[in-house]
Amino acid sequence: MRVTFTVNGREQSAQDVWEGESLLYVLRERLGLPGSKNACEQGECGSCTVYLDGVPVCACLVAAGQAEGRQVRTVEGLAEGDRLDPVQEAFVECGAVQCGFCTPGLLVQAHDLLERVPAPSDAEIREALAGNLCRCTGYEKILDAVRLAAARKGAAS
């Protein structure tokens, strides 16, 4: 089947998509967007998190056909041209990126949190990121990055 949807503001199509193919596979292998990572393939780790019609989802659990006619925004789509999103900048500055496998999902979840809650408490940050597993950082630098991004977004408002 052919699947057509909007990815990061551009209409995209994938040909010969088989019925059980995941949105994650189509994004990475057919459309050349390797940002979202393929880790657990069970929706447990959050590494493949993308926006689907503005809602964060695990792309490994979404059948590609379910994206037909819908809006998908990946970690690559958070940046505006060459300018990183404040969440992406903060992750780099705070050293919240180590192996990088969990980073795309964490960035999307943190971005979503800050869109909904501009000045989240530590408990709100932890709750928002609870579905994203990281084996390298110990999470403190990730929390620091979300706090920094929130502070910068608040100062810019």
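Which residues of α5 are buried? In this predicted model, the buried residues of α5 are Ile142, Leu143, Ala145, Val146, Ala149, Ala150 and Lys153. They lie on the same side of α5, because they cover an arc of only 160° around the helix axis. The helix itself runs over residues 140-156 and has 17 residues. From its first C-alpha to its last, α5 reaches 24 Å, close to the 24 Å expected at 1.5 Å a residue.

The next matter is what α5 packs against. Its buried residues pack against three helices, namely α2 (86-94), α3 (103-116) and α4 (122-128). For α2, the buried residues are Val87, Gln88, Ala90 and Phe91. Seen down the axis of α2, these buried residues fall within an arc of 165°, so they line one face of the helix. The cover over the buried residues of α2 includes α3 and α5.

The crossing of α2 and α3 is right-handed. On the side of α2, the residues that meet α3 are Val87, Gln88 and Phe91. Their counterparts in α3 are Thr103, Leu106, Leu107, Ala110, His111 and Leu114. Val87, Gln88 and Phe91 are also listed among the buried residues of α2.

Attention now turns to helix α1, which spans residues 23-30. Leu23, Leu24, Val26 and Leu27 are buried in α1. Here the cover includes strands: β1 (3-7), β2 (10-14), β3 (49-52) and β5 (71-73) are among the elements over the buried residues of α1. Just after α1, the chain reaches Gly32, which takes a positive phi of about 70°.

One of the strands in that cover, β2, contains Ser13. How exposed is Ser13, and what is its relative accessible area? Ser13 is partly exposed, with a relative accessible area of 28%; this class applies because the value lies between the 20% limit for buried residues and the 50% limit for exposed ones. Leaving aside neighbours within four places in sequence, Ser13 is in contact with Arg2, Val3, Thr4 and Leu31. The C-alpha atoms of Ser13 and Gly54 are separated by 20 Å, and these two residues are 41 residues apart along the chain.

Two further residues have a positive phi without being glycine. The phi of Asp16 is near 55°, and Asp16 is placed in the loop between β2 and α1. Asp16 is exposed, with a relative accessible area of 63%. Glu41 has a positive phi of about 55° although it is not a glycine. Glu41 lies in the loop between α1 and β3, and at 54% relative accessibility it counts as exposed, because exposed residues are those over 50%.

Notes: Residues numbered from 1 in each chain as written. Predicted model: local features only at pLDDT ≥ 70, side-chain atom pairs only at ≥ 80, totals over all residues. Heavy atoms only, no water. Buried < 20%, exposed > 50% of the residue type's maximum accessible area, 1.4 Å probe, protein only. Helix = DSSP H or I, 4+ residues; strand = E, 2+ residues; numbered from the N terminus. Contact = heavy atoms within 4.5 Å. Expected span 1.5 Å × (residues − 1). Arc of directions from axis to C-beta. Left-handed = near helix turned anticlockwise from the far one by under 90°.
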